[in-house]
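I went through this structure with a list of things to look up. The entries below follow the order in which I worked.

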Amino acid sequence: MKSLGLIEVSGVTAAVDCLDIMCKSADVEFVTWERKLGGRLVTVIVQGNVSAVTAAVENAVALGLKKPVAHAVIASPHEETRRLLEISASRIRK
């Protein structure tokens, strides 16, 4: 099962920057994103093996345009967590 990396930052531009850093620095793939408060808080979620996800999140925290509000790595997500992300990702595909 793939691990998840989450990073929440203030602003869409900073979120896109974090995603770019994560994808360039490790073998991870974009899963979905959530925008709250009119895009003032944006959470970007990636997946991959645990070491790649950890490296990607750490690099985005260190090199991103803004300091993240929060970040996390979930090494072995529960199936309900996966289901929640699938619901979020399905909204993007529409």
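**Entry 1: terms and model.** I count two residues as in contact when heavy atoms of theirs lie within 4.5 Å. The model is a predicted one.

**Entry 2: Ser3.** I started with Ser3, which lies in strand S1. Is Ser3 buried or exposed? Its relative accessibility is 2%, so Ser3 counts as buried; the cut-off for buried is under 20%. I then listed its contacts, leaving aside neighbours within four places in sequence. Ser3 touches Val46, Gln47, Gly48, Asn49, Val50, Val53, Ile74, Ala75, Pro77 and Arg82. For Ala75 I also noted a distance: the side chain of Ser3 reaches the backbone oxygen of Ala75 at 2.9 Å.

**Entry 3: the sheet.** Next I looked up how the strands are arranged. Four strands make up an open sheet, in the order S2-S3-S1-S4, with antiparallel pairing. S2 and strand S4 (70-74) are the edge strands, each pairing on one side only. Direction ignored, neighbouring strands of this sheet are turned by 15° against each other on average.

I then went through the pairings of S3. How many bridges join S1 to S3? There are eight, and the two strands run antiparallel. Leu4 stands opposite Gln47 in S3. S2 is joined to S3 by seven bridges, also in an antiparallel run. Between these, Phe30 has Val46 of S3 as its bridge partner, and Arg35 stands opposite Val42 in S3.

I also checked how enclosed S3 is. Seven of its eight residues are buried, so S3 is largely enclosed by the rest of the structure.

**Entry 4: Gln47.** Gln47 had come up among the contacts of Ser3, and I looked it up next. Gln47 is placed in strand S3. At 14% relative accessibility, Gln47 counts as buried. Which side chains does Gln47 meet in polar contacts? One is the side chain of Glu29, at 2.5 Å. Another is the side chain of Arg82, at 2.9 Å. Not counting residues up to four places away in sequence, Gln47 touches Lys2, Ser3, Leu4, Asp27, Val28, Glu29, Val31, Val53 and Arg82.

**Entry 5: helix H1.** H1 covers residues 12-25. At 1.5 Å a residue, its 14 residues should span 20 Å, and the end C-alpha atoms are 20 Å apart, which agrees. I listed Ala14, Ala15, Cys18, Ile21 and Met22 as the buried residues of H1. Why do I put them on the same side of H1? They cover an arc of only 125° around the axis, which places them there. Thr13 and Lys24 are exposed on the other side of H1. The buried residues of H1 pack against S1, S3 and helix H2 (50-63). H1 lies across S1, S2 and S3, and runs at about 15° to S3.

**Entry 6: helix H2.** H2 also packs on the sheet, where it touches S1, S3 and S4; its direction makes about 10° with that of S1. H2 has 14 residues and reaches 20 Å from first C-alpha to last, close to the 20 Å expected at 1.5 Å a residue. Its buried residues are Ala52, Val53, Ala56, Val57 and Ala60. Seen down the axis of H2, they fall within an arc of 125°, so they line one face of the helix. I noted the background for this: an α-helix has 3.6 residues a turn, so residues three or four places apart point the same way. On the other side of H2, Ser51, Ala62 and Leu63 are exposed. The buried residues of H2 are covered by elements including S1, H1, S3 and S4.

**Entry 7: helix H3.** Last I checked helix H3, residues 79-93. Its 15 residues should span 21 Å at 1.5 Å a residue, and its end C-alpha atoms are 21 Å apart, which agrees. Leu85, Ser88 and Ala89 are buried in H3. They fall within an arc of 95° seen down the axis, so they line one face of H3. The face turned away from this buried side carries the exposed residues Glu79 and Arg93. The buried residues of H3 pack against strand S1 (3-10), strand S2 (29-36) and strand S3 (41-48).

Methods: Residues are numbered from 1 along each chain as its sequence is written. This is a predicted model: local features need pLDDT of at least 70, side-chain atom pairs count only at pLDDT 80 or more; totals for chains, interfaces and linings use all residues. Side-chain values use heavy atoms; hydrogens and water are left out. The expected span of a helix is 1.5 Å times one less than its number of residues. Buried means under 20% relative accessible area, exposed over 50%, partly exposed in between (1.4 Å probe, protein chains only). The arc is that of the directions from the helix axis to the C-beta atoms. Two strands pair if DSSP finds at least two bridges between them. Axes are lines fitted to C-alpha atoms, for helices over the stretch in contact, and angles run from 0 to 180 degrees between N-to-C directions. A polar contact is a pair of N or O atoms within 3.5 Å; within protein, one must be able to donate a hydrogen and the other to accept it, and residues adjacent in sequence count only if both atoms are side-chain atoms.
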